[in-house]
Amino acid sequence: MRLERRDHRPLYLVVAAPIAAVIAALAIAGVLIALAGAPVFEAYWRILTGAFGTRLSATETLTRATPLMLTGLAAAVAFRARLWNIGAEGQFYLGAITVAALGSKLLAGLPAALLIPALLVAGAVAGMVLILVPLWLRLRFSVDEVVTSLLLNFVALLFVSMLIDGVLKDPLAFGWPQSMPVSDHALLPKLVARSRLHVGFIIAIAIAFAVYFLQSRTVFGLRSRAAGLNPAGAVFAGVPLGMTLVKVACLSGGLAGLAGAIEVMGVKGYVTTDLSPGFGYSGIIVAMLANLHPIGVIAAALFTATMFVGADGMSRALGIPTYIADVTVAVSLLTMLIALFFTQYRIRR
Amino acid sequence: MMALIDIVSSAGLWAAVLRIATPLIFGTLGALLCERAGVLNLGIEGIMTFGAMIGWLAVFHGADLWTGLLIAAFAGAVFGLLHALLTVTLGLSQHVTGLGITLFASSLSYFIFRLVVPLAGTPPTIVPFQPIDIPLLSGLPFLGPALFAQTAPTYLAIFLALAMGYLIFRTPLGLTIRMTGENPHAAEAQGIDPIRIRYGAIIAGSALMAVGGAFLTLSAFNSFFPTMVQGRGWISIALVVFASWQPGRALLGALLFAFFDAFQLRLQTVLGGVVPYQLFLMTPYLLSIAALAVTARRARVPQALMQPYRRGER
């Protein structure tokens, strides 16, 4: 028995792969739920109703999907160029704290029409700055960016913790370490009244389509793809590899920073060190589940958000730890890798 | 200035250096073994977390401490087998697979821990490894309490670093592992099965990583809490580059790193009021990045690292 490369990828396999991967992941998580002594199908039903059963839970799921789409896109654009940006979590926090700093103090007097765009751009730029460090280390010292971008997540979180314990600390928070709130003009408008769902959701979807356009219709998209498929060949064909990677990095880090900015301006209004329950890391899974396709990211983010929001209700009802959502989502990354493999290879005896 | 001299000349600092270095030595040796055979194992952070959890859980349920370490090693080996299946047999991206295993192993650790130990005010504890006083040596002034009154796993880690140096550079098996990491096609021409070597290295290496994690709960602390590994896995990966893929230097690197870590902890007590403590906590991560920048270009990377090997395919 051996593995043989397929001559072409049949379309039905490419479509079926993510579905099969998710089903396999749910089955594996089902075994864990059963071992924990809970009814498996009821657990899944509770997750689904917990995520979409009421108006409140449905808007909550879409709210949760918003940062996941952006961090998912951040990972997808980078990975396609084989730039291993694992630092989206840190870039998210840097974007968030930048918005908190500017939106609560320096720019707080601006009217909303100026303040909101300015803060969104500032958050994105903060994310870019953070990812340019590992990229510079890679281009200048040939240091693998995986470890450096990862380690910077810890640095960024400690930096945020330092600021919200120091200069940006909210004096009205009863000593609790949280940043001063951004001005009311900086808050994103709500999409649905009496919910947390905000305009950021629409922005994220629009950006996914913009990234799709960028990747499929522009020279930059072509070059970033070539850089990922065959770097040596790309250089030979005249692609400016270093510059392309800088642009890819800026796009990736910018999206992650934007995710942090939007989370502050749309949901909380201030920054704490638990602003992100791992949005940066979940973004990697979202990107892989989407097979790095920007439109697929929308669906993958919705699936991931469904698991996370739904698991809360399921946990309360059945007593299964909410971490089952993290397990399911992480397993789906692994099953997706395997499913993608079989779109490229077949088993021959 | 006097404060700094006081810190460096205290036996407590040097005892802490060995203690802090121990999980890093295990982790670095594990990662080094995988990479010598040509496979990057970014599952390390999750595998260490799982080792910490399962080792603690075993002891909490009545196993003795050594059994706890063994169970952790076995669990690490299972994750290693999974990593080998995905990266060696299927030849999937080692970056993404490793991250996937990290996310899977750590979330599974938290899930199992929460299932067995529901939320409580104070986390339940075990009786951890106790320091062993080595007869005669531990009686030495200064050196005794610093170097010869550690727990058993610390001695094991130092022994393993030396043993792995011997294994890799002085034995036929070490040569086959190095060949597999440099050029698996040439290795196969010599009658070596690169696939089998890679499987073995990843499984053994992952077992070491898990033991490094278990040290945290079974010796350094006495309970498990989420995110307790705190990037030690990633720091280990950085230390492998720093060590230029040599076990002896890995030992030195881990000790050097632990020295800075122990030093900053004590410096905090002196400067704590003046400088925000977060700046001190950043130093281990910044040090790792600096170490990578300094050594990465000179380092002799195993040539086939991260390249999947398939028979008959180039």
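The model described here is a predicted one.

The size of an interface is often given as the accessible area lost when the parts come together. Between chain A and chain B, the buried area is about 3900 Å². Carbon and sulfur atoms give 84% of this area. The contact draws 43 residues from chain A and 44 residues from chain B.

How many salt bridges are counted between chain A and chain B? The count is 0 salt bridges. As for polar contacts, 2 residue pairs are found across the interface of chain A and chain B, both at pLDDT 80 or more.

On the side of chain A that touches chain B, the elements that give two or more residues are β1 (2–5), α5 (112–141), α6 (145–165), α11 (279–289) and α13 (323–344) of chain A. Among these, α6(A) gives the most, with 13 residues. By residue class, this side of chain A divides into 35 nonpolar, 3 polar and 5 charged residues.

**Aromatic rings**

A pair of aromatic rings is described by the distance of the centres and the angle of the planes. Over all chains, the structure holds 18 aromatic pairs. One of them joins A:Phe341 and A:Phe342, with 5.1 Å from centre to centre and 85 degrees between the planes, and this pair is edge-to-face. A:Phe341 is buried, at a relative accessible area of 3%, whereas A:Phe342 is partly exposed, at 29% relative accessibility.

Why is the pair of B:Phe221 and B:Phe225 edge-to-face? The planes of the two rings stand at 75 degrees, with their centres 6.1 Å apart, so the pair is edge-to-face. A relative accessible area of 37% makes B:Phe221 partly exposed, and B:Phe225 is partly exposed with a relative accessible area of 37%. In chain B, ring pairs also link B:Trp14, B:Phe259, B:Phe260 and B:Phe263 into a cluster.

B:Ala201 belongs to helix α10 (residues 194–220) of chain B. With a relative accessible area of 4%, B:Ala201 is buried. Residues up to four places away in sequence set aside, B:Ala201 touches B:Leu33, B:Cys34 and B:Ala37. From B:Ala201 to B:Val294 the separation is 93 residues in sequence and 28 Å in space, C-alpha to C-alpha.

B:Thr102 is found in helix α5 (residues 94–116) of chain B. Is B:Thr102 buried or exposed? B:Thr102 is buried, and its relative accessible area is 7%. Beyond its neighbours within four places in sequence, B:Thr102 is in contact with B:Leu42, B:Gly43, B:Ile44, B:Glu45, B:Gly46 and B:Trp234. With B:Gly43 there is a polar approach, as the backbone oxygen of B:Gly43 lies 3.2 Å from a polar atom of the B:Thr102 side chain.

B:Ser244 is situated in the loop between α11 (232–242) and α12 (247–271) of chain B. B:Ser244 counts as buried because its relative accessibility is 13%, and the cut-off for buried is under 20%. Apart from its neighbours within four places in sequence, B:Ser244 is in contact with B:Arg36, B:Arg249, B:Ala299 and B:Arg300.

Most residues other than glycine have a negative phi. A:Arg82 is not a glycine, yet has a positive phi of about 50 degrees. A:Ser142, likewise a residue other than glycine, has a positive phi near 45 degrees. The loop that holds A:Arg82 lies between α3 (55–80) and α4 (88–106) of chain A. The table gives the accessibility of these two residues.

| Residue | Relative accessible area | Class |
|---|---|---|
| A:Arg82 | 42% | partly exposed |
| A:Ser142 | 45% | partly exposed |

Technical notes
Residues numbered from 1 in each chain as written. Chains lettered and ligands numbered in written order. Predicted model: local features only at pLDDT ≥ 70, side-chain atom pairs only at ≥ 80, totals over all residues. Heavy atoms only, no water. Contact = heavy atoms within 4.5 Å. Buried area = accessible area lost by both parts, 1.4 Å probe. Salt bridge = Lys/Arg side-chain N within 4 Å of Asp/Glu carboxyl O. Polar contact = N/O pair within 3.5 Å; in protein donor to acceptor, adjacent residues only side chain to side chain. Helix = DSSP H or I, 4+ residues; strand = E, 2+ residues; numbered from the N terminus. Nonpolar A, V, L, I, M, F, W, Y, C, P; charged D, E, K, R; others polar. Phe/Tyr/Trp six-rings, centres within 6.5 Å; stacked < 30°, edge-to-face > 60°. Buried < 20%, exposed > 50% of the residue type's maximum accessible area, 1.4 Å probe, protein only.
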